[in-house]
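Here are my notes on this model, point by point. Have it open while you read.

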Amino acid sequence: MLFPRRHVATPQFFHESVMPVGIEAWITQIPPITRGWLALCVLTSLAVQCQLVTPLQLYFSPRSAFMNAQPWRAFTTFFYFGSISLDFVFHLFFFMRYSRMLEESSFANKKADYFWLLLLSSVMLLALSPLFNLPFLSSSLAFVPIYLWSRRHPDTPISLFGLFTITASYLPIALVAFSWVLSGTWRAAAGDLAGCLVGHVGWFLRDVWAREMTGGTSVFSESPAVLKRLFGDI
């Protein structure tokens, strides 16, 4: 005798993987500017790793970008941290950690202001690039939020790799030294030093000049109204 087949409902968790849900939740918790920056960096490195593009198509030089009509180089130079390696993981981890903390604290609900800070910092780094001979400026830009966060939280204790504890004011110096140890040459750490220099200029213009000299905000400390409307801040 044939019996009618019963339909057994399959529990929902058999259709959905737990891991993607966890990753998706973690990604959505990252503030939007940091999340977009992280996504572009990871996608660029994967594109190079899969040989869809080469680093020679991404690096910046004034001649290549402006005289040879390849303006995309002024953007791609900020999203390539090099081949996937320990140095790549080091820079990506610390950039994401402190960019996220800065965006969640000093720039909470100020997406346009944070984007404006990074944009002005990028312009300064492009101007400094020929002086430091830096074809890629991703690690330099990553050090800008690290430096700014350290100046705004100078007394916060920081544990470095669980080995020793320092205050946040010494964090940029410690990370530059560690970058030098990883690379084995000061030339590789020059980009991080350039980022600290630009970060110091940004900190001075936003936190010192705007307060002491102008008595309020300035074009260096607050984004234009059109940018705020674009990001939905007003």
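1. First, the term: on a 1 Å grid over the protein atoms alone, a cavity is a set of points where a 1.4 Å probe fits but cannot get out, and lining residues have an atom within 4 Å of a point. Points are joined across faces, edges and corners, and a volume is the space filled by probe spheres set on the points. By that rule the structure has 1 cavity of 30 Å³ or more, and the largest cavity holds about 40 Å³ of space.

2. Some housekeeping. This is a predicted model, where local features need pLDDT of at least 70, side-chain atom pairs count only at pLDDT 80 or more, and totals for chains, interfaces and linings use all residues. Residues are numbered from 1 along each chain as its sequence is written, and side-chain values use heavy atoms, with hydrogens and water left out.

3. Helices H5 (86–105) and H7 (138–152) each supply at least two of the lining residues, and H5 gives the most, with 4. (Helices are DSSP runs of H or I, at least four residues, and strands are runs of E, at least two, numbered from the N terminus.) The lining splits into 7 nonpolar residues, 1 polar and no charged; Ala, Val, Leu, Ile, Met, Phe, Trp, Tyr, Cys and Pro count as nonpolar, Asp, Glu, Lys and Arg as charged, and the others, Gly among them, as polar.

4. Check Ser179 too, in helix H8 (residues 171–183). Ser179 counts as buried because its relative accessibility is 2%, the cut-off being under 20% relative accessible area (1.4 Å probe, protein chains only). Not counting residues up to four places away in sequence, Ser179 touches Asp87, Phe90, His91 and Asp192; contact means heavy atoms within 4.5 Å.

5. Beyond four places in sequence, Thr44 contacts Leu58, Phe79 and Tyr80. Phe79 is 35 residues away in sequence, yet the C-alpha atoms are 6.4 Å apart.

6. Last, the strands. E1 pairs with E2 (residues 164–167) in the antiparallel sense over 4 bridges; pairing takes at least two DSSP bridges.

Notes. 1 Å grid on protein atoms, 1.4 Å probe; cavity = no way out; pocket = protein on both sides within 12 Å on 5 of 7 lines; lining within 4 Å. Buried < 20%, exposed > 50% of the residue type's maximum accessible area, 1.4 Å probe, protein only.
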